[in-house]
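My entries follow in the order in which I looked things up.

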Amino acid sequence: SQTGNRVVVQTHKFEYEAQLLVNCAGLYSDKITSMTQTPDAKIIPFRGEYFLVRPEKHYLCQNLIYPVPDPDFPFLGVHFTRMINGTLECGPNAVLAFAREGYTRTNVNWKDLAETLSYPGFLRLSAKYWRTGLGEMWRSFSKGAFVRALQRLVPEIEEHHLEAVPAGIRAQAVTPEGKLVDDFLIQESSRVIHVGNAPSPAATSSLNIGRLIVEKLEAHF
């Protein structure tokens with residue numbers, strides 16, 4: 001709640017009071033935004049599933065290998081990434097998660113799923129990209145299909161070269177018109193700054209994002 005020159009945040013355990021509030025809630029950023037204003041987009045969770053390449057096959061990829069991106073679709077497609085610790089990671093696909101924190105195929109939150117499936121923006125998005133979505137789902141259930149996508153980049157890769165690793169969730173902002181928001185989305189009210197979308201490369205851009213938010217905070221003082 002906002003009272004005078006203060007903003008009050010109430011949780012199940014504590015109450016916090018401050019002059020300004022920054023919402024960087026990721027998967028729940030739209031939920032927090034809706035507490036003070038109408039969010040410009042809704043977060044739809046997409047699970048990204050990865051594999052690690054066994055060490056004896058690391059020689060197949062010495063650097064980063066990415067496909068040519070589709071400018072109409074912000075997901076990059078499967079790619080190979082040399083990690084800072086020397087491991088070689090490949091993936092991800094981009095499959096609809098059945099919960100905001102649906103890190104596995106068996107994680108289902110019926111309320112979250114109903115909100116997604118009834119959202120006009122998601123319905124419009126699905127109507128446009130249903131074929132792409134089915135392909136992503138198939139690669140999620142079929143390791144062979146996943147490997148065939150990888151072989152377009154590294155033909156020598158085979159199923160037994162890969163080990164599954166934990167998945168991640170992309171908090172994808174989708175507008176009511178069915179457009180995927182592929183840029184930063186920041187909304188402001190009198191005492192709250194909402195970071196509604198911080199897409200890839202959010203990690204590598206984190207210092208600049210922080211600088212932008214600080215500049216917006218300074219405008220309130």
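**Entry 1: helix α2**

I began with the buried residues of α2, which pack against α1 (29–33), β5 (42–53), β8 (95–96) and α3 (120–141). The model is a predicted one, and I read each entry with that in mind.

Which residues of α2 are buried? In this helix, residues 110–117, I found Asp112, Leu113, Glu115 and Thr116 buried. They span an arc of only 160° around the axis, so they lie on the same side of α2. I noted the general rule that an α-helix has 3.6 residues a turn, so residues three or four places apart point the same way. Trp110 and Lys111 are exposed, on the other side of α2.

I then checked the start of α2. There a side-chain oxygen of Asn109 comes to within 3.1 Å of the backbone nitrogen of Lys111.

**Entry 2: strand β5**

I turned next to β5, one of the elements that the buried residues of α2 pack against. Is β5 largely enclosed or open? I found 10 of its 12 residues buried, so β5 is largely enclosed by the rest of the structure.

I looked up the partners of β5 one by one.

- With β9 (residues 162–174), β5 pairs in the antiparallel sense over 11 bridges.
- With β8, β5 is joined by 2 bridges, and the two strands run antiparallel.
- With β7, β5 again pairs in the antiparallel sense, over 2 bridges.

For Phe51, I found the bridge partner Cys90 in β7.

**Entry 3: the nonpolar cores**

Which residues of the largest nonpolar core touch the most other members? The core has 15 residues, and I listed Val53, Phe80, Cys90, Leu150, Ile157 and Leu162 as those that do. At least two residues of this core come from each of β5, β7 (88–91) and α4 (143–151). The largest share is that of α4, with 4 residues.

Last, I looked at an open sheet of 3 strands, with the order β1-β2-β3 and antiparallel pairing. Why is one side of β1 and of β3 left without a neighbour in the sheet? Both β1 (2–3) and β3 (15–18) stand at the edges with a single partner strand each, so one side of each has no neighbour there.

Strand β2 (residues 6–10) is joined to β3 by 4 bridges, and the two run antiparallel. Within this pairing I noted two positions: Val7 has Ala18 in β3 as its bridge partner, and Val9 stands opposite Tyr16 in β3. A hairpin through 4 residues joins β2 to β3.

Terms used: Residues are numbered from 1 along each chain as its sequence is written. This is a predicted model: local features need pLDDT of at least 70, side-chain atom pairs count only at pLDDT 80 or more; totals for chains, interfaces and linings use all residues. Side-chain values use heavy atoms; hydrogens and water are left out. Two strands pair if DSSP finds at least two bridges between them. Buried means under 20% relative accessible area, exposed over 50%, partly exposed in between (1.4 Å probe, protein chains only). The arc is that of the directions from the helix axis to the C-beta atoms. Contact means heavy atoms within 4.5 Å. A polar contact is a pair of N or O atoms within 3.5 Å; within protein, one must be able to donate a hydrogen and the other to accept it, and residues adjacent in sequence count only if both atoms are side-chain atoms. A nonpolar core is a set of buried Ala, Val, Leu, Ile, Met, Phe, Trp, Tyr and Cys residues joined through side-chain atoms within 4.5 Å.
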